[in-house]
Structures are given as C-alpha cells and as structure tokens.
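The sequence and the model come first, and the notes come after them.

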Amino acid sequence: MKNIFFLSLLFISVTGFSQISLKWETDFNTAKSLAKLQNKPLVMYFTGSDWCTPCKHLKSDFFDSDEFKDKARGVVLLKVDVPFRRDIIPESLLEKNKALAKKYNPHNSFPT
C-alpha cells in the first residue's frame, strides 16, 4: 500500500512540474533586446484580452497547446494587450501598446 501511495505521489509530482509555461514579455524594448541577445525571432501578439473573443479562443486553442509551447522555445514572445478595461494593465503600458499597434498593426485587427 505504501508503494502505491509513493508511486502515485511521484506521478502527480512529475506531471505537475512537467508543464511548460510560456514567458510573454510585455515591454517591446526588453523583448527586442532579448531577441537580439538570444539570436531568436521576435513574435508580437496583438490582443484585446478582455473584449476580443477570437483572442480568447486563440489563447486556449493555440497558445496553451503543448505543440506551441514546444515551438515557442525558439522565439521571444511579446504580448501587446489593448484591453478596454483600465484595470488590466497599467495606463503607461496601455499607451505604449497603442503606439505599437498603430505602428505594427495599422489595420487594427485582433488577434494579430
């Protein structure tokens, strides 16, 4: 009985800690510097986290998949969130994100 308990505990520990988590940068300059330093492409993801239904689906269907998490090791990820609610991200970050969206997402399409 003890052996079954310890094996179960070991299995739960291994599967719980084997989850790959994504590191999304939120500052463009930091992400750009990391990409250059690590010699990796920079992937910018424009989202409206609180209002864009396709963005929410993309997150759950694509970004949360093991396949994407595995491929994401080879890139630097930058999340550019433009939410409607003002309490989701700091106002200063929202203004920076709007400027990035104006420059790199001129058609204002989400998700991009």
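This is a predicted model: local features need pLDDT of at least 70, side-chain atom pairs count only at pLDDT 80 or more; totals for chains, interfaces and linings use all residues.

Residues are numbered from 1 along each chain as its sequence is written, and side-chain values use heavy atoms, with hydrogens and water left out. The protein chain has five helices and three strands. Helices (H or I, at least four residues) and strands (E, at least two) are DSSP runs, numbered from the N terminus.

**Overall fold**

- Along the sequence, the order of elements in the protein chain is α-β-α-β-α-α-β-α.
- Of the 112 residues in the protein chain, 27% are buried. Buried means under 20% relative accessible area, exposed means over 50%, and partly exposed lies in between (1.4 Å probe, protein chains only).
- Taking contacts in the protein chain between residues at least 6 apart in sequence, 72% join residues at least 24 apart. A contact means heavy atoms within 4.5 Å.
- The protein chain has an accessible surface of about 8100 Å², and carbon and sulfur atoms account for 61% of that surface. Accessible areas come from the Shrake-Rupley method with a 1.4 Å probe; for residues, only the protein chains shown count as cover.

**Helix α5**

- Helix α5 has 14 residues and spans 20 Å from its first C-alpha to its last, close to the 20 Å expected at 1.5 Å a residue. The expected span is 1.5 Å times one less than the number of residues in the helix.
- L93, L94, N97, L100 and A101 are the buried residues in α5. Viewed down the axis of α5, its buried residues fall within an arc of 125°, so they line one face of the helix. The arc is that of the directions from the helix axis to the C-beta atoms.
- S92, K102 and K103 are exposed on the other side of α5.
- The cover over the buried residues of α5 includes α2, β2 and β3.

**Helix α2**

- F28, A31 and A35 are buried in α2. They take up an arc of only 65° around the axis, which puts them on the same side of α2.
- K36 and L37 are exposed on the other side of α2.
- β1, β2, β3 and α5 are among what covers the buried residues of α2.

**Nonpolar core**

- The largest nonpolar core has 21 residues, and those with the most contacts inside it are F46, C55, F68, L78, V80, L100 and F110. Such a core is a set of buried Ala, Val, Leu, Ile, Met, Phe, Trp, Tyr and Cys residues joined through side-chain atoms within 4.5 Å.
- α2 (28–38), β2, α3, β3 and α5 are the elements that give two or more residues to this core.
- Leaving out residues up to four places away in sequence, F110 touches F46, T47, G48, W51, C52, C55, V82 and N105.

**Aromatic pairs**

- The count of aromatic pairs comes to nine. Rings of Phe, Tyr and Trp (its six-membered ring) pair if their centres lie within 6.5 Å; planes under 30 degrees apart count as stacked, over 60 as edge-to-face and the rest as tilted.
- The ring centres of W24 and F63 are 5.1 Å apart and the planes are at 80°, so the pair is edge-to-face. W24 lies in strand β1 and F63 in helix α3 (residues 53–63), so the pair ties together parts that are 39 residues apart in sequence. F63 is buried, at a relative accessible area of 8%.
- The ring centres of W51 and F84 are 4.9 Å apart and the planes are at 20°, so the pair is stacked. W51 lies in the loop between β2 (42–47) and α3, and F84 in the loop between β3 (76–81) and α5, so the pair ties together parts that are 33 residues apart in sequence.
- W51 is partly exposed at 31% relative accessibility, whereas F84 is exposed, with a relative accessible area of 59%.
- W24, Y45, F62, F63 and F68 are linked into a cluster by ring pairs.

- E25 sits in strand β1 (residues 24–25) and is buried, with a relative accessible area of 12%. Not counting residues up to four places away in sequence, E25 touches T30, A31, L34, V76, L77, L78 and K79.
- K98 sits in helix α5 (residues 91–104) and is partly exposed, with a relative accessible area of 35%. Not counting residues up to four places away in sequence, K98 touches V82 and R86.
- K98 and D81 are 17 residues apart along the chain, and their C-alpha atoms are separated by 8.5 Å.
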